Amino acid sequence: MTVAQAVVEYLSKQYTVDSVGGQDFRERLIPGTFGIFGHGNVAGVGQALKQYQQLDPTIMPYYQGRNEQAQSHQAVGFARHTRRRQTFAISTSIGPGSSNLLTGAALATTNRLPVLLLPSDTFATRAADPVLQQLEQPYAYDITVNDAFRPLSKFFDRVSRPEQLFSAFHHGLRVLTDPAETGAVTISLPQDVQAEAFDVPEEFLADREWRIRRPDADDEDIRRAAEAIRAAKRPLVIAGGGVLYAYANEELAKFAELTGIPVGNTQAGVGVLPWDHKFSLGAIGSTGTTAANAIAAEADLIIGIGTRYEDFTTASRTAFQNPDVKFLNINVAALDAYKHGTSLPIVADARKALVKLNQALGGYRIGADLEQRIAAEKKRWDATVDEAFDTRFTPLPAQNEIIGATNRAMDAQDVVICAAGSLPGDLHKMWRVRDPFGYHVEYAYSCMGYEIPGGLGVKRAALAEAAKSGTQRDVVVMVGDGSYLMMHTELVTAVAERIKLIVVLIQNHGYASIGSLSESLGSQRFGTQYRALDEEHHSFDDGDRLPVDLALNAESLGVKVIRIEPGDKVIAELEQAIRDAKAAPERGGPIVIHVESDPLLDAPSSESWWDVPVSQVSELDSTKQAFQTYVDHKSRQRKLLG
């Protein structure tokens, strides 16, 4: 076989095996391969995929894409919805085909989500030297573009000889399926080696199972954790994505109901509890609810479960103002379990740790005063969101209204997708989630352009889920015009495969999120509006709005478009448009709903902070004032949490 043929057949025989709560799972780890072909892989992986397609299309289905980065985002979206049990492989050509994957690699690794990247590389033999698109470094001639993947991947290898294939893929898939290590796995395949023939041992091509490691919590760690919880007066749980990946949401609900300890959630942790659960405080931190942040400020024990403690979660280390606050961190990855100098790290699967904690904490419950405070803060925040959703601005609505309309029009099991701009923060604090799979916002890397390809990956997973279990989920992407312009081309992929992806495209003529941040930092929304160039001042701040019609753009790609015109009926028409889109045929292709908003109407305040440094000296009065505000917030920042 050629190396490429061996790779494709090998990947078709890999299975993920998992067991959670007595339920067993076995599924193909790599159910398909994306690829854009060039001289680096057309005669290697491309030939192998074509050969197996003719022999049996089920061996390794091939999927097209319009951009390598977008293909990696599809794989990540798919991986998250399958709870890291499955992902896709991606083959690229050399040079720009490979380097287009770099952002995707960083996003996957930052989010702790698996993706298998197979970038092609230049000739291992150097028979053609330099080949088209080859990078040359005079100080190290063995460096190629693909070496840029090393710091972005959780595993990297280069197969310079066919015999290296065995160890490269064995160790690569070990990392891919390890919850504590997973991220981007990059195996570089030189273009000449891909086409080289060699003898492949039959055992390499045999079925192989990769069991998801779910380490149990040490009994002594649980004893110490239970002791710390019993001693706490105002404990608080911060639940992250690790709770969902461990299928621990039911055990977390038991924990909260047993103890009365309230739960705040990170972006990745939205869905650990329904929004209206008695002990759910919702989002926490810089984009959090006032309820979660009020309780966090007084907490004396933070129980972090499956969170990486991003700065948004800790409000840049200002969220926790109790001078005696301690941290108890439960995480499958030691890196995250030991965050912020905690003296109580538990390196374990979230679900298994919670099962033991629930047994160890029998009879413990928080005080009635804290329960009353939780109820009061929840009531206050719910009223705030009700007002934000129900206030009507005309002719252009606030983004709050658009979020509320979308939330109401979707069914409980549907999934909302977002990644960058002002939407993720507003969704985090206001979205009323009702299903553990109902919220998917990529916020570890917050990558503009992730939304449409990531949503397409989620929809692929939802279609597979429906075929197995009958659960039907519509996937609704919420995206601003800035992110849409970054990477909307995967709409063509959805058109080609007739995949129903619903996209709510919000047109606000610029970068609303950074515009607001810029204003708060004294930089007056500089460079954040889509305007024509004022040549006299060389400014894009005050010119005419660009005559860009994004609805027409989507139509030109073959997408069905519903335009919502400005006026006093925008919200009612938007809700109806989403319901109409949901009623459309499942294989009818993507639908874009275009609506304009007023970018100057903000969401309710989280009563929190995010550390973005302000210029210490300036000629601008706005910057001077912003710096004084920054100094005030900075004084509340803790140097080390413990």
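This is a predicted model: local features need pLDDT of at least 70, side-chain atom pairs count only at pLDDT 80 or more; totals for chains, interfaces and linings use all residues.
User: Is strand β19 (residues 502-507) largely enclosed or open, and how many of its residues are buried?
Analyst: Helices (H or I, at least four residues) and strands (E, at least two) are DSSP runs, numbered from the N terminus. Buried means under 20% relative accessible area, exposed over 50%, partly exposed in between (1.4 Å probe, protein chains only). On one side of β19, Ile502, Val504 and Ile506 are buried, and on the other Val503, Leu505 and Gln507 are too. The strand is largely enclosed by the rest of the structure, because the buried count is six of the six residues.

User: Which residue of β21 is the bridge partner of valine 503?
Analyst: Two strands pair if DSSP finds at least two bridges between them. β19 pairs in the parallel sense with strand β18 (residues 475-480) over five bridges, and there valine 503 is the partner of valine 477. Six bridges join β19 to strand β21 (residues 591-596), also parallel. In β21, the partner of valine 503 is valine 592.

User: How much space lies in the largest cavity?
Analyst: On a 1 Å grid over the protein atoms alone, a cavity is a set of points where a 1.4 Å probe fits but cannot get out, and a pocket is an open set with protein on both sides within 12 Å along at least five of seven lines; lining residues have an atom within 4 Å of a point. Grid points are joined across faces, edges and corners, and a volume is the space filled by probe spheres set on the points. The structure holds seven cavities of 30 Å³ or more. The largest has about 630 Å³.

User: Which element gives the most to the lining of the largest cavity?
Analyst: The lining has 49 residues, and those closest to the centre are Asn111, Gly241, Gly242, Tyr245 and Gly306. By class they divide into 20 nonpolar, 16 polar and 13 charged (Ala, Val, Leu, Ile, Met, Phe, Trp, Tyr, Cys and Pro count as nonpolar, Asp, Glu, Lys and Arg as charged, and the others, Gly among them, as polar). At least two residues each come from α3 (68-81), α9 (241-245), β14 (326-331) and β17 (439-441). With three residues, the top contributor is α9.

User: How many residues of the lining of the second largest cavity are charged?
Analyst: This cavity holds about 210 Å³. Its lining has 21 residues, with Trp275, Gly282, Thr289, Lys429 and Trp431 nearest the centre. Of the lining residues, 12 are nonpolar, five polar, and the charged ones number four.

User: Which element gives the largest share of the lining of the second largest pocket?
Analyst: This pocket holds about 780 Å³. Among its 27 lining residues, Gln23, Arg83, Arg85, Tyr247 and Phe437 are closest to the centre. Two or more residues each come from β2 (23-28), α10 (249-259) and α17. The largest share, five residues, comes from α17.

User: How far apart in sequence are the parts tied together by arginine 380 and glutamate 607?
Analyst: A salt bridge is a side-chain nitrogen of Lys or Arg within 4 Å of a carboxyl oxygen of Asp or Glu. The side chains of arginine 380 and glutamate 607 form one at 3.5 Å, N to O. Arginine 380 lies in helix α14 and glutamate 607 in the loop between β21 and α23 (621-634), so the parts tied together are apart by 227 residues.

User: Are arginine 473 and aspartate 435 buried or exposed?
Analyst: Their side chains meet in a salt bridge at 3.1 Å, N to O. Arginine 473 is in the loop between α17 (451-469) and β18, and aspartate 435 is in the loop between α16 and β17, 38 residues apart. Both residues are buried.

User: What is the relative accessible area of lysine 459?
Analyst: Lysine 459 meets glutamate 586 in a salt bridge at 2.9 Å, N to O. Glutamate 586 is partly exposed, at 25%. Lysine 459 is buried, at 1%.

Notes: Residues are numbered from 1 along each chain as its sequence is written. Side-chain values use heavy atoms; hydrogens and water are left out.
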